[in-house]
Amino acid sequence: MNTDASPSYPLAELAVLADLPPRTVRYYVQIGLVDRPEGETRAARYGARHLEQLLQIRKWTAAGVSLERIRELLHGAPPPVPPRERAIGSVSVCSHLTVAEGIEVVIDPQRAGLSPEAVRQFIKGVMMAFKAARGEEDGASQVDPANTNKNERQAGEP
C-alpha cells in the first residue's frame, strides 16, 4: 500500500480518472503538454500534478482551445482578457433577425466589432444558409418587415 501523502497512478488508472484514452495521455506527454511520468514504460507512475494537467487540458479542449494555445497557457502565457460585464444601466443597441418561427438571432454589432455593412452581410449569409438547409433553391432573403428593424430590412434588399 502507498503510504506516501501524494497519490501515484499507473497510466491506465490515470486515464480513467481523467476520462481520456491512455493513447491520448501518452500523446500529451510526448508533445510536452503533460509532464513526463516517474519511471519508464509499464513502471511509469503519474501523480496528482499529472491529473491536474490532464483535467485542465480537457476543460480547455472542450471549450475549443487549440493544443498550441493550451501549451502557451500551461507555460504561463496570460489568459485571454475576459469581456467586461455589462454595467447596470448600460445601453446596447442590438439587431434582432427572425429567421423562422422559433429561430431568432440577436446581433450586438458593437460587442462583435461589426460594421453596418458586415451586419448586413451576416444577415444575408444566415438567411441563405437557412434556406439551403431547408432545401429551398431561392437563396433570396424574405425577411418579414414587421419583425425586423431598419438595418435588417436593408439587409434583405439587393
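Visitor: At what angle do the axes of H1 and H2 cross?
Guide: In this predicted model, the axes of H1 and H2 cross at roughly 100° and come within 9 Å. That makes H1 roughly perpendicular to H2.

Visitor: Which residues make that contact?
Guide: On the H1 side you have Leu11, Leu14 and Ala15, and on the H2 side Pro22, Val25 and Arg26. Sorted by class, the contact of H1 with H2 has five nonpolar residues, one charged and no polar.

Visitor: And H1 with H3, how do those cross?
Guide: The axes of H1, which covers residues 11-18, and H3, residues 48-62, cross at roughly 40° and come within 10 Å. H1 and H3 are therefore oblique to each other. The crossing of H1 past H3 is right-handed.

Visitor: Who's touching whom there?
Guide: H1 brings Leu14, Leu17 and Ala18, while H3 brings His50, Leu51, Leu54, Leu55 and Arg58. By class, that contact has six nonpolar residues, one polar and one charged.

Visitor: Why would residues a few places apart on a helix point the same way?
Guide: An α-helix has 3.6 residues a turn, so residues three or four places apart point the same way.

Visitor: Let's stay on H3. What span should its 15 residues have?
Guide: At 1.5 Å a residue, H3 should span 21 Å, and its end C-alpha atoms are 21 Å apart, which agrees.

Visitor: Which residues of H3 are buried?
Guide: His50, Leu51, Gln53, Leu54, Ile57 and Trp60 of H3 are buried.

Visitor: What covers them?
Guide: The cover includes the helices H1, H2 (22-30) and H4 (67-74), along with strands E1 (8-9) and E2 (46-47).

Visitor: What follows H3?
Guide: Gly64 follows H3, and the phi of Gly64 is positive, near 90°.

Visitor: You mentioned H4. Where does Leu67 lie?
Guide: Leu67 lies in helix H4.

Visitor: What's its relative accessible area?
Guide: For Leu67 the value is 28%. Buried would need under 20% and exposed over 50%, so Leu67 counts as partly exposed.

Visitor: What does Leu67 touch?
Guide: Not counting residues up to four places away in sequence, Leu67 touches Tyr27, Tyr28, Ile31, Leu33 and Thr61. Take Leu33: Leu67 and Leu33 are 34 residues apart in sequence, and their C-alpha atoms are 8.2 Å apart in space.

Visitor: New topic. Where is Asp108?
Guide: Asp108 sits in the loop between strand E4 (103-107) and helix H5 (109-112).

Visitor: Is Asp108 buried or exposed?
Guide: Asp108 is buried, with a relative accessible area of 11%. That value falls in the buried class because the cut-off is under 20%.

Visitor: What is Asp108 in contact with?
Guide: Leaving aside neighbours within four places in sequence, Asp108 is in contact with Arg86, Ser92, Val93 and Cys94.

Visitor: Zooming out, how many helices and strands are in the protein chain?
Guide: The protein chain has seven helices and four strands. Along the sequence they follow the pattern β-α-α-β-α-α-β-β-α-α-α.

Visitor: How much of the protein chain counts as buried?
Guide: Of its 158 residues, 25% count as buried.

Visitor: And what share of the contacts comes from residues 24 or more positions apart?
Guide: Taking the contacts in the protein chain with a separation of 6 or more, residues 24 or more positions apart account for 46%.

Technical notes
Residues numbered from 1 in each chain as written. Predicted model: local features only at pLDDT ≥ 70, side-chain atom pairs only at ≥ 80, totals over all residues. Heavy atoms only, no water. Axes fitted to C-alpha atoms, helices over the stretch in contact; angles between N-to-C directions. Helix = DSSP H or I, 4+ residues; strand = E, 2+ residues; numbered from the N terminus. Parallel < 35°, antiparallel > 145°, perpendicular 65-115°, else oblique. Left-handed = near helix turned anticlockwise from the far one by under 90°. Contact = heavy atoms within 4.5 Å. Nonpolar A, V, L, I, M, F, W, Y, C, P; charged D, E, K, R; others polar. Expected span 1.5 Å × (residues − 1). Buried < 20%, exposed > 50% of the residue type's maximum accessible area, 1.4 Å probe, protein only.
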